[in-house]
Amino acid sequence: MLAPGRLARGECCAVARYESRLEVCDTSGRLLVAERALLEPERDQPPLPADTPVPGSLFLLGDMPDAERLAAALHPADDPRVGVTVLPNAAGVLVRMLGASPSAVHQALARLHAQATAIAGSDGARQV
């Protein structure tokens, strides 16, 4: 989750540049997932929506025999602020969302994590 400033004080994207990089490797060192994010509020078009300026990500990594079904179960059809995709290399599922506040995004992602854990447990898969 990325808080774009002190929202209660009216600060939103008061930064020139934010950059991050994430790599997930298996135990042998083989790259499974790579992600790079670059936010430059002065240049980004379109910017983050004013009513949902907080982006969050939930990586559900692990042995998931039916990742497609899990992704479909986690994706709320009526909420355009949430996106779910299957990760490459059978690495798992990624959930992304936008929310109004860090606490709202955290709570929503925690609910999705609990839902994913329940689904994975009922399938006999490893915990996510």
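The entries go from the model as a whole to single residues.

**Ground rules.** I am working with a predicted model, in which local features need pLDDT of at least 70, side-chain atom pairs count only at pLDDT 80 or more, and totals for chains, interfaces and linings use all residues. I number residues from 1 along each chain as its sequence is written, and side-chain values use heavy atoms, with hydrogens and water left out.

**Confidence.** I looked up pLDDT, the predictor's confidence in each residue from 0 to 100. The protein chain averages 83, and 77% of the residues score at least 70. Over residues 124–128 the pLDDT is below 50, and I noted 14 contacts for this stretch beyond near neighbours in sequence. Contact here means heavy atoms within 4.5 Å.

**Layout.** I find two helices and five strands in the protein chain, in the order β-β-β-α-β-β-α from the N terminus. Helices (H or I, at least four residues) and strands (E, at least two) are DSSP runs, numbered from the N terminus. Of contacts between residues at least 6 apart in sequence, 56% join residues at least 24 apart.

I checked how β1 (residues 18–25) and β2 (residues 31–39) pair: they are antiparallel, over eight bridges. Pairing requires that DSSP finds at least two bridges between two strands. Ser20 in this pairing stands opposite Ala37 in β2. Five residues lie between the strands of the hairpin, where Gly29 takes a positive phi near 95 degrees.

**Cores.** I then looked at burial (buried is under 20% relative accessible area, with a 1.4 Å probe and protein chains only). Buried residues make up 30% of the 128 residues. A nonpolar core is a set of buried Ala, Val, Leu, Ile, Met, Phe, Trp, Tyr and Cys residues joined through side-chain atoms within 4.5 Å. The largest has 19 residues, and Leu60, Leu74, Val95 and Leu109 are among those that touch the most other members. Its largest share, six residues, comes from α2. A second, separate core of six residues includes Val24, Leu32, Val33 and Leu94.

I followed up Val95: not counting residues up to four places away in sequence, its neighbours include Gly56, Leu60, Leu74, Val84 and Leu112.

**Asp79.** I located Asp79 in the loop between α1 (67–74) and β4 (82–86). Is Asp79 buried or exposed? Asp79 counts as buried because its relative accessible area is 15%. Its side chain makes a polar contact with the side chain of Arg81 at 2.9 Å. For a polar contact I need a pair of N or O atoms within 3.5 Å; within protein, one must be able to donate a hydrogen and the other to accept it, and residues adjacent in sequence count only if both atoms are side-chain atoms.

Key. Buried < 20%, exposed > 50% of the residue type's maximum accessible area, 1.4 Å probe, protein only.
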